[in-house]
Amino acid sequence: MNRSRLAPGAGIVTAPGDRPVLRTSDGEFLRIDTGHVGPGELVDRLTEGEGEPSSAGLDRLVAAFEEAGHAVTEPRRPPLTGRIVHVLGDPVLTEPLARFAAAEGAEVHPVTADVLAGLAGRRDTAVVWCLDSPVPEGLWDEADRLPARHTAWLRCHREGAHTWTEPLASAPGDVTAAHVRLRRLAATAAHRELAAYWAGHRTPDTGPHPSEPAAALIAALLTADLIAWASGEPRRGEPRSGEPRKGARLPADRRLRRIDLRDLTVTEHPVLPVPEVAPLPAPTARTAP
């Protein structure tokens, strides 16, 4: 029979003369009320040791750990098992991404842009497009339609010394690449210049291109977004249409990241979908008095 073990990153800390405390994978310390169960029994049960014969009280404690996500039943199932990930774009980014996603259990397929329309509507499927350059006008229009048919859509691109990873979209109403462009234009006073830059009215690109460590970091962040999608985490704890709570971790479907390729610093920015705007009513003709 598989036994429960502490989840990755979680641990039990026992200060001298005090009750045991759970240190969660997020770094919080939570006191444990073991009731009539000896702390050593719980520790033995949730670590590699088999411990004492099970009791009803010990079983209830372990079940509470499992329900809260602080204990798991081994063997661990890779988080992307059963998911299909289609990757396309520049090899400097897609190659490490393919390795990382496959290591987490995904079935990875290199594809080209001309097959995207045929992927729409396939659940448990994600498309990831990585560019080591700005996004040409209209390039991502077809892929932006994937979430409306419940196919996940994730992307990244580089602008100068910054690579941007955009929010993962997997359902109607999620943040698309077009939404991100509109939000970024609205957030800068240099909107005319930024639009011209995207449209190609710029001098030739001079890099810097992602180094091997930078590419690995970007691929790891994208893989983390895929894992969040596969586990249903992107919307956990956040209203779909509201601003994220202050201090809360941004969900994957509302998070725009900027990676500085010079020092590998990562900053996160919340981004929301752009509502559809109703067309202006047609002018009515006036009749002469």
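Me: How many bridges join strand β6 to strand β7, and do they run parallel or antiparallel?
Reply: Keep in mind that this is a predicted model. Four bridges join β6 (residues 84-89) to β7 (residues 107-110), and the two strands run parallel.

Me: Which residue in β7 is the bridge partner of His86?
Reply: His109.

Me: How does the chain cross from β6 to β7?
Reply: Through helix α3, residues 91-103. The β-α-β crossover is right-handed.

Me: And β8, in which sense does β6 pair with that strand?
Reply: In the parallel sense, over six bridges. Strand β8 covers residues 125-130. His86 has a bridge partner there too: Val127.

Me: Zoom out. What is the strand order in the open sheet of seven?
Reply: The order is β7-β6-β8-β9-β10-β11-β12, and the pairing is mixed.

Me: Which strands stand at the edges?
Reply: β7 and β12 (266-270). Each has a single partner strand, so one side of each has no neighbour in the sheet.

Me: Now the β12 end. How many bridges link β11 and β12, and in which sense do they pair?
Reply: Five bridges, in the antiparallel sense. β11 spans residues 255-260. Leu256 has His269 in β12 as its bridge partner.

Me: What about helices on the sheet? Which strands does α5 touch?
Reply: Helix α5 (residues 177-186) touches β9, β10 (162-165) and β11. Its direction makes about 45° with that of β9.

Me: And where does α7 lie?
Reply: α7 lies across β6, β8, β9, β10, β11 and β12. It runs at about 160° to β9.

Me: On to the packing. How many residues are in the largest nonpolar core, and which touch the most other members?
Reply: The core has 25 residues. Leu97, Val128, Cys130, Ile218, Leu222, Leu226 and Trp229 touch the most other members.

Me: Which elements each supply at least two residues of this core?
Reply: β6, α3, β8, β9 (152-159) and α7 (212-231). α7 gives the most, with nine residues.

Me: Pick Cys130. What is it in contact with, leaving aside neighbours within four places in sequence?
Reply: Leu88, Gly89, Asp90, Leu93, Thr94, Leu97, Cys156 and Leu222.

Me: What does the second core look like?
Reply: That core is separate and has 14 residues. Among them are Val111, Ala120, Val127 and Val135.

Me: Ala120 reminds me of Ala148. Where does Ala148 lie?
Reply: In the loop between β8 and β9. Ala148 and Ala120 are 28 residues apart in sequence. In space they are 8.4 Å apart, C-alpha to C-alpha.

Me: Why does Ala148 count as partly exposed?
Reply: Because its relative accessibility is 49%.

Me: Different topic. What does the sheet of three strands look like?
Reply: An open sheet, in the order β2-β3-β4, with antiparallel pairing. The edge strands are β2 (11-14) and β4 (29-31), and each pairs on one side only. The twist averages 35° from one strand to the next.

Me: How many bridges join β3 to β4?
Reply: Three. β3 covers residues 20-23. Arg23 stands opposite Phe29 in β4.

Me: Where is Thr24 found?
Reply: In the loop between β3 and β4.

Me: Is Thr24 buried or exposed?
Reply: Buried, because its relative accessible area is 4% and the class takes anything under 20%. Not counting residues up to four places away in sequence, Thr24 touches Gly9, Ala10, Leu30 and His70.

Me: Last bit, the whole chain. How many helices and strands are there?
Reply: Seven helices and 12 strands. The chain has 289 residues, and buried ones make up 40%.

Me: And what does the accessible surface come to?
Reply: About 16,200 Å², with 55% of that belonging to carbon and sulfur atoms.

Me: For contacts with a separation of 6 or more, what share comes from residues 24 or more positions apart?
Reply: 61%.

Definitions and conventions. Residues numbered from 1 in each chain as written. Predicted model: local features only at pLDDT ≥ 70, side-chain atom pairs only at ≥ 80, totals over all residues. Heavy atoms only, no water. Buried < 20%, exposed > 50% of the residue type's maximum accessible area, 1.4 Å probe, protein only. Contact = heavy atoms within 4.5 Å. Areas by Shrake-Rupley, 256 points an atom, 1.4 Å probe, with all protein chains shown as cover. Pairing = 2+ DSSP bridges. Axes fitted to C-alpha atoms, helices over the stretch in contact; angles between N-to-C directions. Right-handed = clockwise from strand over helix to strand, strands pointing away. Core = buried A, V, L, I, M, F, W, Y, C linked by side-chain atoms within 4.5 Å.
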